[in-house]
Amino acid sequence: VFAQFSPDGGADFVATLSDSVDAQWAEPQGLASRGERLSAGASYLLRQGVVSLVFDNQAEAIIEGPAEFEIASENRIRIEYGRLYVVVPQSALGFSVVTANSTIIDLGTEFGVMAGLDGSTELHVIKGKTAMVVANKDQHASLLVGQGTAKRVYGPLASVSDIVVNERLFVRKINSQVDLLWRGDTISLAD
């Protein structure tokens with residue numbers, strides 16, 4: 001006879017809240033403290049602020065509120081709306097971000113995704129490259145998006161266009177101890 005004891009009720013924890021700045025959640029319980037674990041299948045509504053999540057495979061996702069997102073699995077996050085910046089090390093190659101009309105698959109990179117309430121998606125690749133799979137009810141298209149380029153996918157028709165990459169559109173690092181939200185700007189040590 002084999003019995004498995006699981007004090008957490010069998011939850012499949014796959015990520016950790018590593019930091020937050022001014023985070024306000026829709027649910028009163030929300031994610032309260034650094035080190036709190038997140039399970040696969042859990043959905044969250046971040047009303048405002050910025051949070052950093054580190055997945056067990058060491059991929060880091062920085063999410064800016066307002067945002068609604070789901071921890072889909074240990075290697076995937078789904079964002080309904082909001083801004084998300086992802087840093088993916090070699091150990092997490094293949095990490096993906098899913099939006100209403102696309103799936104962005106990491107190929108060893110840093111990239112930002114902005115998902116709009118209108119169903120649009122913007123992908124800004126800062127380092128490395130990604131594969132972007134765009135789908136509507138009639139067809140699927142796959143394209144490589146490399147460093148320094150950006151794409152916009154419009155609504156349910158999933159039409160894709162080139163846009164100018166904006167490296168400062170996303171919070172790329174946070175530190176709650178000094179209230180730092182870094183968007184890639186040059187930091188003067190004199191400041």
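Select Arg78 first. At 25% relative accessibility, Arg78 is partly exposed. This is a predicted model. Show both side chains: Arg78 and Glu80 form a salt bridge, 2.8 Å from N to O.

Next, select Lys127 and Glu110. Their side chains meet in a salt bridge, with 3.6 Å from N to O. This pair links distant parts of the chain, 17 residues apart. Glu110 counts as buried, because its 17% relative accessibility falls under the 20% cut-off.

Stay here and pick Asp118, Glu122 and Arg152. Salt bridges with shared partners join these residues into one network.

Now go to Glu64 and Arg183. A salt bridge connects their side chains, at 3.0 Å from N to O. Which parts of the chain does this pair tie together? Glu64 sits in strand S4, residues 60-73. Arg183 sits in the segment after strand S15, which covers 180-182. The pair therefore ties together parts that are 119 residues apart in sequence. Glu64 is buried, at 9% relative accessibility. Arg183 is partly exposed, at 26%.

Finally, zoom out. How many salt bridges does a search of the whole structure find? The search finds eight. Among them is the Glu64 and Arg183 pair.

Key: Residues numbered from 1 in each chain as written. Predicted model: local features only at pLDDT ≥ 70, side-chain atom pairs only at ≥ 80, totals over all residues. Heavy atoms only, no water. Salt bridge = Lys/Arg side-chain N within 4 Å of Asp/Glu carboxyl O. Helix = DSSP H or I, 4+ residues; strand = E, 2+ residues; numbered from the N terminus. Buried < 20%, exposed > 50% of the residue type's maximum accessible area, 1.4 Å probe, protein only.
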